[in-house]
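Welcome! Here is a short tour of a protein model, written to be read with the structure open beside you.

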Amino acid sequence: MLKKGDLLVKPEKSTETNPGGLVCKDKCQLSRLVEMATHDDLTKVLNRKAVFATLENEMRKVFRHKYPVSILLIDLDHFKNTNDTLGHLKGDWVLKESSKKMQFSLRHEDVLGRYGGDEFLAVLPFTGFEGAMIVAKRLISVFNLQPISFEKITIPQTVSIGATAHQEGDTTISILDRADRALYLAKKAGRNRCEWI
């Protein structure tokens, strides 16, 4: 306890390169920068580059450890009509809400990213055909049963899904190409469904 007459000595200036107060700030800033670089600004899921990197990483692990991995390429059916009739701001809102539905429907270990526009890519580690189809059917069901409501407007939603699993000799490009072809088949067959190649 200080008494009257005690001398107060000003602490010396810190010579540390990362004084305590700056370490937290730097970590917080770094974390924010990483999130900005890896996540889609609108939907908050991984961006295209980051979800590709995740898939590439899984492909390397599959080669080494020989476990199954599947992917789902998910397309919001007739999304262009939503943008054209309700406008792009409401379309953005639909994308945000749709990505939340997808994240809610996926398992904890699954990874979701925005592939581009209204298409999303889900990477399903340790998952073969049967598990991937269960996840795909759950997604289709959630979108069918839960239309989006916005300012007294109800927007029915469906999704088309192209699914595939890792095969011997696959590259990131080849597995994505199969999922893309499967998605085309799902759309051609009437949408609101999943096709597997």
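The notes below cover confidence, the sheet, a helix and one aspartate.

## Confidence

This is a predicted model, with a mean pLDDT of 88 across the protein. Of its residues, 87% reach 70 or more. Residues 6-16 are the stretch to treat with care: their pLDDT is below 50, and beyond near neighbours in sequence this stretch has two contacts in the model. Where pLDDT is low, the predicted coordinates should not be read in detail.

## The sheet

Five strands form an open sheet with mixed pairing, in the order β2-β3-β1-β6-β7. The edges are taken by β2 (111-116) and β7 (194-196); each has a single partner strand, so one side of each is left without a neighbour in the sheet. On average, and ignoring direction, neighbouring strands of this sheet are turned by 20 degrees against each other.

Look next at β1 (residues 69-76) and β6 (residues 159-165), which pair in the antiparallel sense over seven bridges.

## A helix across the strands

Helix α5 (residues 129-145) lies across β1, β3 (119-125), β6 and β7. Relative to β1, α5 runs at about 20 degrees.

## A look at D170

D170 sits in the loop between β6 and α6 (172-188). Is D170 buried or exposed? Its relative accessible area is 15%, which is under the 20% cut-off, so D170 counts as buried.

The side chain of D170 makes a polar contact of 2.6 Å with that of R178. Leaving aside neighbours within four places in sequence, D170 is in contact with M59, A165, I175 and R178.

Notes
Residues numbered from 1 in each chain as written. Predicted model: local features only at pLDDT ≥ 70, side-chain atom pairs only at ≥ 80, totals over all residues. Heavy atoms only, no water. Pairing = 2+ DSSP bridges. Helix = DSSP H or I, 4+ residues; strand = E, 2+ residues; numbered from the N terminus. Axes fitted to C-alpha atoms, helices over the stretch in contact; angles between N-to-C directions. Contact = heavy atoms within 4.5 Å. pLDDT = per-residue confidence, 0-100. Buried < 20%, exposed > 50% of the residue type's maximum accessible area, 1.4 Å probe, protein only. Polar contact = N/O pair within 3.5 Å; in protein donor to acceptor, adjacent residues only side chain to side chain.
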